Amino acid sequence: MAKSKQYLTRNIVSIIIATVATMTLSAQPAGRPSLVVNIVVDGLSLDYINLLRDKFSEDGLLRIMRDGVTITDVNYGSVLDPAAATAVIHTGAAPAINGVASATVYDRDSRREISYFLDSSSIGNFTNETFSPKNLRVSTIGDELRIASQGLNHVYSISPDAAQAIVMAGHKGNSAFWLNNTTGKWATTTYYKDAPFTIQSRNRQAPLDLRLDTMAWKSVLPPEEYPDLPTYKKLYSFRHTFYRTDPNRVAHYKNTPLVNTEVTTIASSYIKTLNLGKSENIDMLNISYTVTPYIYSEDHDIRMEQMDSYIRLDREIQSLIRSIDVNGPGMGKTMIVIAGLPSNVTRRRSKDNEWDTPSGEFSPRKAISLLNIYLIAIYGNGEWVTGYDNNMFFLNHNLIKQKDVKIEEIRSEAAKFLNRMAGVAEAHSIDEIIEEKTGETATPPRRNINQDYAADIYIATFPGWDIVDDGTVSPNKDEYPKIQRQVAPIAPLFILAPNINSQIITGSVDPRAIAPTITSILRIRSPNAATQPPLRLNYK
């Protein structure tokens, strides 16, 4: 009888120990992914995603949203171009710290706009562009991933845009490729040491330049199936072509969702031929897509094109997931991040004045001339204003020194004058802006300014006003005016990972928290300038 009680007691204890062990094991997070696919999408809006949900496939965006983390409002604080917004996501730092305030900067010496990543010491491959990430001041997610594995893993980036490709590859990436605007070939820089055969083969055997003539962007659905369109828009579809007679046809093509298909084709080939995610180390594939409004349409109403872009984006995500499952490590070992980048300013012809909507034209050339005359009246003869670029005015620092004028004083006078010009909503000197707290603790716009390339005066025009490119901006700009339109700089972000439960995070989220969140999931250290804590996610 005593032996039976002892036996029963031992069994009960064994069951309790086994149960506790099982509970402890299940409470631990699931294994890390072996492949990370980081996607940025220019112009992504949650409103359009929700509008078109019933047009999406179950294995595309809906799968990401159903099984992953949805962050509804990543708030960038102020207007950032795609390169700068991408840099915030990948570094966890503001432009004032990471250095990337925009893809291009105004060079005071040459008085023209140049790439922020210009580096004459690097040679272009399939291009005469000479770029490198040397001006990227801090480390990226990809850099930290490479460091964590002592360089035994791989980090690749593919983007239609050079600046985004370089930012995503970081300092230690294996390669960064982008589409050259002149030749349409996939280009890179000798700074990066790898040039995968698959992309070299595509340049030689199926170059975009030979295919563009045969391409046309038209709706994937019958016009009547696009929701919330007025009756007249449902009568006809659209068709946009890229004929050889158009010198800007590659740039036009890159503003369509057709370029997303090209990116997906290259990305899928990378996954298959480079065996990404099939080793003990974590590989990373960075790509960028676009759903930004098509600015080259003759029709002012481009809602059908906009919705078509989202439907096509969903199909690209579905195709990418299929490639991961068939040729990669499988979704059970893959983490996908889709970061939306807000689209704030649209370049296109304005027809609002036909409907008596308040509008006008702001001429930078005229503004420079009038401002210079004003400053001559106060400080004497000379060329006081040397240039304009992207709502920024640049003064002649050499002349200001020669005349022994306090630069803060002349900036203040210039800002006061510009504030009185028609179409200018506000003008501020750089001195006013930097009076705020600096660096990471600053608020926009100070947080998003790189002081090494800062302008003297920053302006904002009234909503609806056309900023006319009259030769003062850049010879590389397109022929369409820049329309000022106020839109909240907010975009969604999605994370699907094998060790993370489905979750929706509402409320404003700082984009600088995204990099620490991603690295926390991967269990590696954050980029060296990331100061925000990771978001609280529900781990499996």
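This is a predicted model: local features need pLDDT of at least 70, side-chain atom pairs count only at pLDDT 80 or more; totals for chains, interfaces and linings use all residues.
I started with Asp-119 and Lys-134, whose side chains meet in a salt bridge at 3.5 Å, N to O. My cut-off for a salt bridge is a side-chain nitrogen of Lys or Arg within 4 Å of a carboxyl oxygen of Asp or Glu. Asp-119 lies in the loop between strand S4 (112–115) and S5, and Lys-134 in the loop between S5 and H6, so the pair ties together parts that are 15 residues apart in sequence. Helices (H or I, at least four residues) and strands (E, at least two) are DSSP runs, numbered from the N terminus.

Residues are numbered from 1 along each chain as its sequence is written, and side-chain values use heavy atoms, with hydrogens and water left out.

Next I looked up burial. Asp-119 counts as buried because its relative accessibility is 5%. Buried means under 20% relative accessible area, exposed over 50%, and partly exposed in between (1.4 Å probe, protein chains only).

I found 20 salt bridges in the structure. Glu-144 and Arg-525 form one with their side chains, at 2.4 Å, N to O. Glu-144 sits in helix H6 and Arg-525 in the segment after helix H17 (514–522), so this pair ties together parts 381 residues apart in sequence. Which of the two ends is buried? Glu-144 is, with a relative accessible area of 2%, whereas Arg-525 counts as exposed at 54% relative accessibility.

Then I checked Glu-262 and Arg-202, whose side chains meet in a salt bridge at 2.8 Å, N to O. Glu-262 belongs to helix H11 (residues 258–273) and Arg-202 to helix H8 (residues 197–205), so parts 60 residues apart in sequence are tied together. Glu-262 is buried too, at 4% relative accessible area. I also noted a network: Arg-108, Arg-411, Asp-431 and Asp-456 are joined by salt bridges that share partners.

**The sheet**

I traced an open sheet of 10 strands with mixed pairing, in the order S5-S8-S7-S6-S11-S1-S12-S21-S2-S22. Strand S5 (124–125) and strand S22 (503–509) are at the edges with a single partner strand each, so one side of each has no neighbour in the sheet. Two strands pair if DSSP finds at least two bridges between them.

I picked out strand S6 (residues 155–158) and strand S7 (residues 175–179), which pair in the parallel sense over 3 bridges. Tyr-156 has Ser-175 in S7 as its bridge partner.

What lies across S6? Helix H6 (residues 141–148) does, and also lies across strand S1 (35–42) and strand S11 (283–290), running at about 165 degrees to S11. The angle is between N-to-C directions on a 0 to 180 degrees scale, with axes as lines fitted to C-alpha atoms, for helices over the stretch in contact.

**His-171**

I found His-171 in the loop between helix H7 (162–169) and S7. His-171 counts as partly exposed because its relative accessibility is 22%. Leaving aside neighbours within four places in sequence, His-171 is in contact (heavy atoms within 4.5 Å) with Pro-133, Leu-136, Val-138, Ser-139, Asp-143 and Tyr-191.
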